[in-house]
Amino acid sequence: MSDRRSVAILGAGMAGAAAACRLAEAGLSVQVFDKGRAIGGRMATRRHGSLQFDHGAQFMRAHGPAFEAQLEDWERRGIAAPWAGGGRHVGVPDMTAPVRDLLAGIPVASETTVARIRRSGTTWQVEAAADAIHGPFDAVAITFPAPQVKGLLDASGYALPGVERAAYAPCWSLMVAAEGAMIEALIEPRADPIGLIAADGSKPNRAIGDRLTIHATADWSRDHLEEPKEAIIATLLQAAERHLGTALRPTYVEAHRWRYAQVERRLGMRNLYDPVLRLGAAGDWCLGARIEAAYDSGSALAGAILADLGAGA
């Protein structure tokens, strides 16, 4: 039986991937759990036949040295590339690629909804909704959006004070394929109901084609969160036509609702960690509405776990 310390990472978005990568590189045994069919979280790509849309996060930028170095490494290895100026980068060939790179070689249990976590003695067990029990683990890192972190903690009978302070805005995302529906790269009207319009075909190493991803503003998305997709599609298409100055005649259109799209109120701490329980949480909600914030938060939580388990910082 292995005597390596083991950690369960709940969530396979950027924060979870950054934490998992750092822990695995330090020699710990890491298991990642995620409810989605694919990894990436909001760094998401939707495919329909030959069509491809980055329907979640559109780009990433570096403000600090750690993520800047990571972006440079990804760019050097062809996993990220510049797009639309202003320091923006995208994953190549899709926005999920950087997360896949961080999780390379690390076991990931996809389509696994975690119902609760349970502490037994000095170790943890992870209970899936399908009644499967995983573990034992020496520590648990939860990297869901803050409301989902709190929900899991409440269901499990534990608490990490502060997580309730973070808040998210929702976002309706529209994916459109339509002849002539091209812009150079990106426009950001930020006027209800349109937050941004991105040309997926303009991104590097993508199939050329007239494909748009349209994000609604946070306020409009919140006000229309429970409306049927048909109504959302009709309204956003009409508004996009006004901004683009052309009629859209879609050959494909689909809408996706992100309940927790963008951080509106951050925690203001790099992560939360309880060394007595060896339980922590991380995500963009700790530091701000950026992919970099998720990366930095996950890396910081991994550092806290490593220091606590005596595996170095």
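Trainee: Is E111 exposed or buried, and how do you know?

Mentor: E111 counts as exposed, because its relative accessibility is 58%. The cut-offs are these: buried is under 20% relative accessible area, exposed is over 50%, and partly exposed lies in between, with a 1.4 Å probe and protein chains only. Before we go on, this is a predicted model, where local features need pLDDT of at least 70, side-chain atom pairs count only at pLDDT 80 or more, and totals for chains, interfaces and linings use all residues. Residues are numbered from 1 along each chain as its sequence is written, and side-chain values use heavy atoms, with hydrogens and water left out.

Trainee: Where is E111, and what is its phi?

Mentor: E111 is in the loop between β7 and β8 (114–120). Its phi is positive, about 50 degrees, although E111 is not a glycine. Most residues other than glycine have a negative phi. Strands (E, at least two residues) and helices (H or I, at least four) are DSSP runs, numbered from the N terminus.

Trainee: Why is A84 called partly exposed?

Mentor: A84 has a relative accessible area of 33%, so it is partly exposed. A84 lies in the loop between β5 (80–82) and β6. Its phi is also positive, about 65 degrees, and A84 is not a glycine.

Trainee: Why is C171 called buried?

Mentor: C171 has 8% relative accessibility, so it counts as buried. C171 belongs to a set in β12 that points one way, with A167, A169, S173, M175 and A177. Y168, P170, W172, L174, V176 and A178 point the other way, and all are buried.

Trainee: What makes β12 mostly covered?

Mentor: Twelve of the twelve residues in β12 (167–178) are buried.

Trainee: How do you know which strands pair with β12?

Mentor: Count the bridges. Two strands pair if DSSP finds at least two bridges between them. Eleven bridges join β12 to β16 (residues 250–265), and these strands run antiparallel. Five bridges join β12 to β15 (residues 211–216), also in the antiparallel sense. L174 stands opposite A255 in β16, and its bridge partner in β15 is I214.

Trainee: What makes β7 and β17 edge strands?

Mentor: Look at the open sheet of six strands, in the order β7-β2-β1-β11-β18-β17, with mixed pairing. β7 (108–109) and β17 (272–274) each have a single partner strand, so one side of each is left without a neighbour in the sheet. Three bridges join β17 to β18 (residues 279–281), and these strands run antiparallel. L272 stands opposite A281 in β18.

Trainee: Why are α2 and α8 called roughly perpendicular?

Mentor: Their angle is about 105 degrees, and their axes are 10 Å apart. Angles under 35 degrees count as roughly parallel, over 145 as roughly antiparallel, 65 to 115 as roughly perpendicular and the rest as oblique. So α2 and α8 are roughly perpendicular to each other. Axes are lines fitted to C-alpha atoms, for helices over the stretch in contact, and angles run from 0 to 180 degrees between N-to-C directions. A66, F67 and Q70 of α2 and I291, E292, Y295 and D296 of α8 make the contact. Contact means heavy atoms within 4.5 Å.

Trainee: Which residues touch the most other members of the largest nonpolar core?

Mentor: I9, M14, L23, W74, L103 and I305, in a core of 47 residues. A nonpolar core is a set of buried Ala, Val, Leu, Ile, Met, Phe, Trp, Tyr and Cys residues joined through side-chain atoms within 4.5 Å. The largest share of this core, eight residues, comes from α1. L23 touches V7, I9, L28, V30, A302, I305 and L306, not counting residues up to four places away in sequence.

Trainee: Why is W220 called buried?

Mentor: Its relative accessible area is 9%, so W220 is buried. W220 sits in helix α5 (residues 218–223). Beyond neighbours within four places in sequence, W220 is in contact with W172, D192, P193, I232, T235 and L236.

Trainee: What kind of peptide bond joins D192 and P193?

Mentor: A cis bond, with omega about 5 degrees. P193 is in the loop between β13 (186–187) and β14.
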